[in-house]
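Work through the exercises below with the sequence and the model at hand. Each task is followed by a solution in steps.

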Amino acid sequence: MEEEEFLALYDEYHNMVYRLALSITASPQDAEDIVQTVFLKMLSSPPAPGSEKAWLIKVTVNASRDLLRSAWRRKTEPLDEALTFETPEESGLFDAVMALPPKLRVLIHLYYYEGYSYAEIAKILKLSSSAVSMRLHRARQLLRSSLKEEYNEEFISKDL
Amino acid sequence: MKNLYQKTFDKVSMPEETYLHLRTVLASRCSQNEMEVNRMKNRSYFKKGIILALAVLMVAALSVTAFAAGLGWHEEFIELFRPGGEHIAELEGATDMPEATVSHDGITISVKQSLADAFGVYVLYEMSVPEDIVLDDGMGWAFEGLSVPHRKVEGSAIGALGGSEILEQSGNKRTVLIYETGNTTAIESGKLELFFMNLCPMDSSGMYGGDPLVEGQWGLEWDFEYEDPGKWMRDDIPLGGDIIDELYISPISFCLRIVYDEKAPRVNPVIQFSDGSEIVINTTGRNVSKTGFLSNEATGEYTYQFFCRFDELIELDNVVSVQVGEVTIPIE
């Protein structure tokens, strides 16, 4: 892969990888670590042209899962010092998402942020579509319950 | 929800400084891309032998595990460090199984194994608590400390990364790794000490500060001797306007010291092996510490120390060089 092409991909996707890694690990430092790991891997084993985004998503999910499994993993650092939000709704949603178990956070992120369908998420995470559906349902329930404690019903839109 | 979620996570981005630094690291790696491509081409010649090689590796891996256990490595250390046969030999003088136990007030703590190189001590201990307590992650020590002997040096000595990890727990028993790494002075033989105070539940702030389940203090001290499994390079090597003062590498970790004048340098060390493979040290990694400290009070000299514990043990005998910026340092 040519340097110009590679750096263009880094420029375009580094934040996507970072957000996804953060949504799984809930640690800014681990997320930065994963960005480096993932793009170094891209250099040594480049994906097929046109499939870079899907490749990056898969490799990021796998790298994040590996990190969570590692006994060496440092305790998660607080996120609130690293991130600031404009509205309490954004802050509340972020906190609520981060309070979910990692396996539910990744589903929520892939569905709501990256816009993947159930079938696409199932393929990325190597789950059945029904498992994706059930977990998303569970994640929504938990989010709804968590957000209800702080906000009124209007805030929680119907598709949640 | 979707709009709010997207709006919220749009605010989440990698810090600009990290983005730029990593971009520089990656661009530098690109310039060596040809070597990587050649390496990948070479790999294809071995495809026919992969299945046989995998079978051999599986048998070898099982044998190594049995071999490590046979040589006294605790199963949790084997799981954590995954030593190969060559590591068992290289680290023979760096591991110890001391007889150190303390027991009172229903709590018994026994040290099972230690592993050390010049910049890290890793201690595995087991603890048991009264049978009516079922241990879980929500219980821990209000204070837990590992004291490690260090070489005395002029100037300041700071910068250790320490911590502990629960490796296994069941009922009233728990196996824990406690460690200290990356101090600015090398570790030496002497006495190792462990100290614990009050077993408590986690409080609302996430600290083990609730009402003690068992109140008291437990201390252990034992003789600690280790043979340094690492290699040192102590020649002064110019790096831009700075000087690489010291480089250390062992199967467990890597440490680099650079004497600098004004601004601490940013370096991206690359460990190069005899088979052409490399480890690019992740400068933002969780196992990395970077410290600038006053190393010589008389001259006002500052030293930048970069420490990294490898994710997996490396084969030190196969390391041929370390690349730091434009400088390649042979390892002999």
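A salt bridge is a side-chain nitrogen of Lys or Arg within 4 Å of a carboxyl oxygen of Asp or Glu. Keep in mind throughout that the model is predicted.

**Exercise 1. A pair between strands**

Task: Which residue forms a salt bridge with B:Glu126, and how far apart are the closest N and O atoms?

Solution: 
- Step 1. The partner is B:Lys112, with the closest N and O atoms 3.9 Å apart. That value passes the test, because the rule asks for a distance within 4 Å.
- Step 2. B:Glu126 is in strand E4 (residues 120-128) of chain B, and B:Lys112 is in strand E3 (residues 107-117) of chain B. They are 14 residues apart, and the pair links distant parts of the chain.
- Step 3. B:Glu126 is partly exposed, at 28% relative accessibility. B:Lys112 is partly exposed too, with a relative accessible area of 28%.

**Exercise 2. A second pair in chain B**

Solution: 
- Step 1. Classify each end. B:Lys191 has 40% relative accessibility, so B:Lys191 counts as partly exposed. B:Asp223 has 53%, so B:Asp223 counts as exposed.

**Exercise 3. Across the chains**

Task: What do the side chains of B:Lys7 and A:Glu90 form, and which elements hold them?

Solution: 
- Step 1. The two side chains meet in a salt bridge, at 3.6 Å from N to O.
- Step 2. B:Lys7 lies in helix H1 (residues 2-10) of chain B and A:Glu90 in helix H4 (residues 88-98) of chain A, so the pair joins two chains.
- Step 3. Look at cover. B:Lys7 is partly exposed at 44% relative accessibility, whereas A:Glu90 is buried, with a relative accessible area of 0%.
- Step 4. Widen the view. A:Glu90, B:Lys7 and B:Lys11 are linked in a network of salt bridges. Over all chains, the count comes to nine salt bridges.

**Exercise 4. A negative patch and its surroundings**

Task: Which residues form the negative surface patch with B:Glu262, and where does B:Glu262 sit?

Solution: 
- Step 1. The patch is formed by B:Asp235, B:Asp236, B:Asp261, B:Glu262 and B:Glu301.
- Step 2. B:Glu262 belongs to the loop between strand E13 (253-260) and strand E14 (270-273) of chain B.
- Step 3. Its relative accessible area is 78%, so B:Glu262 is exposed.
- Step 4. Now take B:Gly300, in the loop between strand E16 (288-296) and strand E17 (301-309) of chain B. B:Gly300 is partly exposed, at 39% relative accessibility.

**Exercise 5. Positive phi**

Task: What are the phi values of A:Lys126 and B:Arg82?

Solution: 
- Step 1. A:Lys126 has phi near 55°, a positive value in a residue other than glycine.
- Step 2. A:Lys126 falls in the loop between helix H6 (118-125) and helix H7 (129-148) of chain A. A:Lys126 is exposed, at 77% relative accessibility.
- Step 3. B:Arg82, not a glycine either, has a positive phi of about 45°.
- Step 4. B:Arg82 is in the loop between helix H5 (75-81) and helix H6 (85-90) of chain B. B:Arg82 is exposed, with a relative accessible area of 56%.

Terms used. Residues are numbered from 1 along each chain as its sequence is written. Chains are lettered from A and ligands numbered from 1 in the order in which they are written. This is a predicted model: local features need pLDDT of at least 70, side-chain atom pairs count only at pLDDT 80 or more; totals for chains, interfaces and linings use all residues. Side-chain values use heavy atoms; hydrogens and water are left out. Patches are made of residues with over 30% relative accessible area and no salt bridge: like charges are joined within 9 Å, nonpolar side chains (Val, Leu, Ile, Met, Phe, Trp, Tyr) within 5 Å. Accessible areas come from the Shrake-Rupley method with a 1.4 Å probe; for residues, only the protein chains shown count as cover. Lys and Arg count as positive and Asp and Glu as negative; His and the chain ends are not counted. The place of a charge is taken as NZ of Lys, CZ of Arg, CG of Asp or CD of Glu. Helices (H or I, at least four residues) and strands (E, at least two) are DSSP runs, numbered from the N terminus. Buried means under 20% relative accessible area, exposed over 50%, partly exposed in between (1.4 Å probe, protein chains only).
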